[in-house]
Amino acid sequence: MFYREAGDFNTSYPEDSQTFPIKFDRYRYYVVLAVAFLVIPFIINDYWANAVFVPFLIYAIAAIGLNILTGYCGQVSLGTGGFMAVGAYAVYKLMTSFPEVSMLIHVPLAGLITAGVVTVFGLPSLRIKGFYLAVATLAAQFFLVWLFNKVPWFYNYSASGQISSPERDVFGIIITGPNTEAWAKYVICLIFVTLAAVIARNLTRGSVGRKWMAIRDMDIAAEIIGVNPMMAKLTAFAVSGFFIGIAGALFFSVYLGAAEVGESFGIDKSFLVLFMVIIGGLGSIFGSFAGAAFMVLLPVLLKNVFVGFLGWPTDLAAHLQFIVAGGLIIVFLIMEPHGLAQLWRLAKEKLRLWPFPH
Amino acid sequence: MKFTTLAVAAIMAASPVMADLVFPSLSYRTGPYAANGIPFADGYEDYFTLLNERDGGIGGVPTKVIECETGYNTEKGVECYEATKAEGALVYQPLSTGITYQLIPKVTADGIPLHTMGYGRTSAKNGKVFSNVFNYPANYWDGASHAVNHIMSQGDIKGKKIALVYHNSAYGKEPIRTLEELSKKHGFELTLIPVDHPGQEQKSQWLQIRREKPDNVIMYGWGVMNQVAIQEAANIRFPMENFIGIWWSGSENDVLPAGDKANGYKALTFHNLGDDYPLYDDLRKYVVDAGKAAGAGDQLGTALYNRGMYAAMLAAEAAKTAQELSGQKELTPALMRDGMEALEITEEKMAAIGLPNFGPTFKVSCENHGGDGLGAVAQWDATAGEWSLITGYEGSDQDVIQGLVDEDSAAFAAESNIDEGCK
């Protein structure tokens with residue numbers, strides 16, 4: 001009733017192959033975009049921007065990046081934290097070396113630099129797979145953190161080894177530094193996340209994405225039908241690195257403002273993004289958003305409920321938060337191993353048949 | 001999401017704005033740094049509870065401590081800052097150098113003072129650049145100088161080998177530049193030995209120390225790293241009297257796990273230790289016995305409890321100063337900032353509070369947000385189970401430090417387009 005294709009006729013091929021072939025779905029998508037771009041910027045405040053929306057959007061970009069690599073191409077990566085650090089340090093060096101160039105150029109450039117680095121670390125994937133590849137990317141994680149700690153050039157020789165983002169604007173609107181308005185932070189992240197999602201969605205629908213999925217499903221079979229495994233794997237690493245680099249760049253410059261590689265881009269980050277992808281749903285762009293929302297919003301929600309509503313001691317709340325979040329992750333993985341995206345898919349199927357499910 | 005909206009809206013609605021003097025406590029009672037975070041947070045909160053219970057607040061206005069758990073994590077620290085700043089927070093004391101670096105630009109933009117007592121960015125001592133950041137009474141670079149001075153007082157330092165075991169973060173890296181300058185000046189050899197967060201595994205670092213046999217070890221550690229380092233030092237039979245920690249590596253929790261072997265370990269401090277003060281009688285009477293103590297209420301008299309209490313005391317004194325300066329009882333963050341800049345701690349004031357001889361006297365000014373940098377050396381007596389001061393409060397090598405402060409703060413001013421000057 002709510003969600004069906006009856007009366008929704010596609011009369012041309014482009015219509016038939018569009019991203020949201022069902023009218024209801026398409027309108028829902030436009031409504032979400034309209035709310036995100038036209039409503040939220042006007043009502044957002046510092047707390048909502050810094051605690052909820054900006055981290056959610058940035059992690060969503062990172063999750064899309066990892067999802068391309070792990071979910072679509074089947075290459076497990078534990079190096080996301082280190083790769084985000086590459087994006088962060090790249091954008092820092094660019095911002096401080098070329099202050100007059102717009103951030104709208106620096107951030108994608110940082111993404112490209114990260115893509116290059118990630119591709120290099122992706123080379124072992126041509127020989128090894130599965131757990132062995134995971135260990136190789138884990139090595140990348142530790143190497144990159146060590147590198148950014150060890151070589152002072154990366155942090156411009158500052159005494160504490162911290163990098164902090166100077167004030168930069170885009171068309172006169174300040175988007176980094178302490179004087180940034182909440183809405184500006186939010187909008188800049190939203191623009192990047194929207195572009196990233198559209199690009200990722202279309203890549204995965206096209207021939208590139210099909211090659212990735214062929215490699216994921218069975219690499220020998222893919223090779224036999226003419227997919228070049230080297231190209232497919234390396235493009236997956238490069239595209240994934242590009243998005244993760246953008247996420248790292250925004251994470252440092254817009255969200256944190258000051259960062260230290262060991263703490264901000266440690267192994268925890270790699271696992272956090274991996275959890276997002278697994279909980280959200282491997283091989284789904286929507287899943288990247290759902291997973292990021294789950295992992296970012298749930299702790300904030302639990303904290304507000306436990307401490308704000310119930311007035312419990314903060315240490316108890318913090319420990320309970322781990323227990324509840326961990327428990328939910330386990331429950332999710334047992335009940336729905338394909339993640340939140342699969343739940344959403346099932347809900348849509350149910351709605352299509354409603355009120356006569358069978 | 002809707003529920004969160006409701007939750008936040010309810011919190012916002014439930015908290016009266018500007019009615020109390022709000023002192024947020026960005027504490028950490030969980031994670032690898034909890035052993036050190038808990039006593040500090042308890043001391044901070046208990047002192048304000050005491051003021052409320054005994055005096056009805058500061059100048060008749062009740063105080064309110066909003067606790068927010070950061071887990072020593074910068075992202076959570078920022079979230080805590082954003083969540084509490086709207087409630088009229090007067091001063092932030094995050095007890096984390098990482099969070100401090102995040103907050104320095106934010107508090108400056110929002111006009112809220114930040115007090116980083118013995119931690120944070122050392123060059124914030126220069127109030128002409130860092131208008132909203134205070135780090136009195138002493139800072140990391142003072143600490144490095146104290147440690148070197150103490151080693152010098154025990155014999156000729158020239159040609160000695162000194163190792164710095166440090167937390168591989170902004171915190172641990174702070175003293176490196178000072179120590180390098182000092183090593184040039186005094187002719188000792190400096191070895192840097194980083195320990196990565198959280199520092200539970202230090203076998204290779206202490207193997208290196210065993211191999212290179214430095215004459216002295218200076219430690220800038222925090223949390224679980226301290227206990228492990230002291231245990232490892234005991235395991236390689238490193239002479240404890242040649243092992244000296246910064247004030248953040250000198251709490252009971254750090255030395256107790258090593259038992260008798262920790263006997264003789266030294267740590268710096270910028271305030272006195274123990275609970276032999278009149279204020280403690282009041283604390284026991286009004287707070288602990290009344291069942292209003294923060295946490296488990298079992299930390300009284302420990303080194304970090306004293307430090308948390310001292311931090312709260314300095315904040316309360318600054319609030320008093322602000323009330324006197326402005327003539328207003330209810331304070332804004334801007335008034336609080338002025339109060340902190342005009343703060344003067346005298347022996348009479350401390351005696352009146354019930355903490356005679358507790359810390360050095362100092363006076364804050366716009367040019368000097370860092371106090372005089374006095375510090376003393378404490379030594380652990382494992383049989384008695386207590387710290388005792390073995391030196392008086394001594395000054396640090398300001399010739400070296402002031403130059404570095406000026407250099408670093410000028411770099412920050414240039415980086416963030418700040419015009420130096422006093423308001």
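**Exercise 1.** Is Pro55(A) buried, partly exposed or exposed?

*Solution.* The model is predicted: local features require pLDDT of at least 70 and side-chain atom pairs pLDDT 80 or more, while totals for chains, interfaces and linings use all residues. Residues are numbered from 1 along each chain as its sequence is written, and chains are lettered from A and ligands numbered from 1 in the order in which they are written.

Step 1. Pro55(A) belongs to helix α3 (residues 46-72) of chain A; helices (H or I, at least four residues) and strands (E, at least two) are DSSP runs numbered from the N terminus.

Step 2. A residue is buried if 20 or more other C-beta atoms, placed from the backbone, lie within 10 Å of its own, exposed if 12 or fewer, and partly exposed in between. Pro55(A) has 23 C-beta neighbours inside 10 Å and therefore counts as buried.

Step 3. Leaving aside residues up to four places away in sequence, Pro55(A) touches Tyr255(A) and Val296(A); contact requires C-beta atoms, placed from the backbone, within 7 Å.

**Exercise 2.** Determine how α7(A) and α10(A) are oriented towards each other.

*Solution.* Step 1. The axes of α7 (residues 182-205) and α10 (residues 229-256) of chain A come within 11 Å and cross at roughly 175 degrees. Axes are lines fitted to C-alpha atoms, for helices over the stretch in contact, with angles from 0 to 180 degrees between N-to-C directions.

Step 2. Angles under 35 degrees count as roughly parallel, over 145 as roughly antiparallel, 65 to 115 as roughly perpendicular and the rest as oblique. The helices α7(A) and α10(A) are therefore roughly antiparallel.

Step 3. Residues of α7(A) in this contact include Phe192(A) and Leu203(A), and those of α10(A) include Phe243(A) and Leu250(A). The contact comprises 11 nonpolar, no polar and 1 charged residues; Ala, Val, Leu, Ile, Met, Phe, Trp, Tyr, Cys and Pro count as nonpolar, Asp, Glu, Lys and Arg as charged, and the others, Gly among them, as polar.

**Exercise 3.** Describe the side of chain B that touches chain A.

*Solution.* Step 1. Contact joins 37 residues of chain B to 33 residues of chain A.

Step 2. Elements of chain B that each supply at least two residues to this side include α1 (2-14), β2 (63-69) and α14 (398-415). The most, 7 residues, comes from α4(B).

Step 3. By class, this side of chain B has 13 nonpolar, 12 polar and 12 charged residues.

Note on methods: Two residues are in contact if their C-beta atoms, placed from the backbone, lie within 7 Å.
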